[in-house]
Amino acid sequence: MGNAKLRAERPLSPHLQIYRPMLTMMMSIAHRISGAALAIGFILLAWWLLAISLGPEPYAQVSSFFGSLVGRTLLFLFSWALIHHMLGGIRHLIWDTGHGLDKVSIEIFAWATIIGSTTLTILLWLVGYWLKGAF
Amino acid sequence: MATPLGKVRGLGAAHRGTEAFWRQRMTAVANIPLLIFLILSIVTHIGAPYAEVKAYLAQPLVALALLALVVSAAIHMRIGLMEIIADYVHGGAKVIAVLLATFFAAGVALASFVAILKISLGY
């Protein structure tokens, strides 16, 4: 019974719902979510490659899906997740060298990842539309 | 409790060390140029006719880069999925989750692999 009492009163490690949300915490979560999302994105890449390997008919189908509003929205979100995850990953690679772990740097890295990923994604799509002759 | 040899190896009772960590970093570094290449390949071929896209992907160096990407990304993805599973999935469900993550990573990688080979070899 003494054990049961100990178990009941043992302090628990504070978890997500206890902490005030912070930017660096959100970036950590975003890195994981974008990584998981990219696993789904891998299916789209495999589908695209398989369609091309199978012939003009399947390619036309995959092209019309990616060209649709739903397809474009998905591709936009996946490209954003990819760029965000890549910039976040570069941030991790810098940390692995032991640099940039101080309080000021981590905030700068967090903002650089958000602003960088959003800017690059929009830029990428503008270039895409421009190459397609939209403007 | 560790034997002198065990101390030198520094791997603990599991006899395994930092392979996943190191592999995650190696594939991360490889993924950066390979994914930039994929993005550029896609953006420069938006709305391109079938024959043109296929001819582009069939080039040996393009196929090589895409094959490297598929392998590297699948390894990176599986390590990431395993990390997520380790954090959130417990008990019997974890076994299922690990199987699914592994089959998924192998499945999308192999499907992409075969597709790239088929495109570049022209069968």
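How far apart should the ends of the 25 residues of α2(B) be at 1.5 Å a residue, and what is the distance between its end C-alpha atoms? The views below come from a predicted model.

**View 1. The length of helix α2(B).** Here is the answer to the opening question: at 1.5 Å a residue, α2(B) should span 36 Å, and its end C-alpha atoms are 35 Å apart, so the two values agree.

View 2. At B:N31, α2(B) bends by about 30°.

**View 3. Where chain B meets chain A.** Chain B brings 26 residues to the contact, and chain A brings 24 residues. On the side of chain B that touches chain A, the elements giving two or more residues are α2 (19-43), α3 (50-58), α4 (60-88) and α5 (92-121). Sorted by class, this side of chain B has 19 nonpolar, four polar and three charged residues.

**View 4. The largest nonpolar core.** This core has 31 residues, and those with the most contacts inside it are A:F42, A:L49, A:I52, B:V70, B:A74 and B:A105. Two or more residues each come from α2 (23-54) and α4 (69-96) of chain A, and from α3, α4 and α5 of chain B. With eight residues, α2(A) gives the largest share.

**View 5. The surroundings of A:F42.** Leaving aside neighbours within four places in sequence, A:F42 is in contact with B:A73, B:M77 and B:V108.

Note on methods
Residues are numbered from 1 along each chain as its sequence is written. Chains are lettered from A and ligands numbered from 1 in the order in which they are written. This is a predicted model: local features need pLDDT of at least 70, side-chain atom pairs count only at pLDDT 80 or more; totals for chains, interfaces and linings use all residues. Two residues are in contact if their C-beta atoms, placed from the backbone, lie within 7 Å. Helices (H or I, at least four residues) and strands (E, at least two) are DSSP runs, numbered from the N terminus. Ala, Val, Leu, Ile, Met, Phe, Trp, Tyr, Cys and Pro count as nonpolar, Asp, Glu, Lys and Arg as charged, and the others, Gly among them, as polar. A nonpolar core is a set of buried Ala, Val, Leu, Ile, Met, Phe, Trp, Tyr and Cys residues joined through C-beta atoms within 7 Å. A residue is buried if 20 or more other C-beta atoms lie within 10 Å of its own, exposed if 12 or fewer, and partly exposed in between; C-beta atoms are placed from the backbone. The expected span of a helix is 1.5 Å times one less than its number of residues. The bend at a residue is the angle between axes fitted to the seven residues ending there and the seven starting there.
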